[in-house]
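Please keep the 3D view open as you read.

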Amino acid sequence: MAIAQNIEIDQDSDYSKTFIAKDDTGTVIDLTTAPSTLAAQIRKSYATTTATDFTATATSAVTTGEFTLALTDVQTATGTLERGRHVYDVTITDGSGDITRIQEGIATVSPSVTRT
């Protein structure tokens, strides 16, 4: 079972946040198990066919379960990522091809006022 954590993303801005990967018992997931691959997406709803991919990266201290999710200002731009509530999740694929969802939640996109 994935850990639920809601996030906030500012529209028209770069987004980057570091998390700790844990299983449903609260035990840190060792991201050094090679070859582990992180993937993460945000969608307007679970049924939406279009998604925006986060850049999901394990940090240099991957035995601590740290990983970062990032979006560029282009990805969060008005007209690209709508303001409001979205859903997101993060999965890890291990060396044997097993996929596990490690995090999920609501992503609230806050609208931008300033235009460049």
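How much accessible surface does the protein chain have, and what percentage of it belongs to carbon and sulfur atoms? The total comes to about 6800 Å², with 49% belonging to carbon and sulfur atoms (areas by the Shrake-Rupley method with a 1.4 Å probe). A word on the ground rules: this is a predicted model, in which local features need pLDDT of at least 70 and side-chain atom pairs count only at pLDDT 80 or more, while totals for chains, interfaces and linings use all residues. Residues are numbered from 1 along each chain as its sequence is written, and side-chain values use heavy atoms, leaving out hydrogens and water.

The protein chain has 9 strands and 0 helices (DSSP runs numbered from the N terminus: strands are E, at least two residues; helices are H or I, at least four). Its C-alpha trace spans about 45 × 30 × 25 Å along the principal axes. Among its 116 residues, 32% count as buried, meaning under 20% relative accessible area with a 1.4 Å probe, protein chains only.

Now turn to an open sheet of 3 strands, ordered β3-β7-β6 with antiparallel pairing (strands pair if DSSP finds at least two bridges between them). β3 (15-20) and β6 (55-58) stand at the edges with a single partner strand each, so one side of each has no neighbour in the sheet.

To β3, strand β7 (residues 66-71) is joined by 6 bridges. Here threonine 18 faces threonine 68, and serine 16 stands opposite alanine 70. β7 also pairs with β6, over 4 bridges, where alanine 70 is the bridge partner of threonine 55.

Key: Buried < 20%, exposed > 50% of the residue type's maximum accessible area, 1.4 Å probe, protein only.
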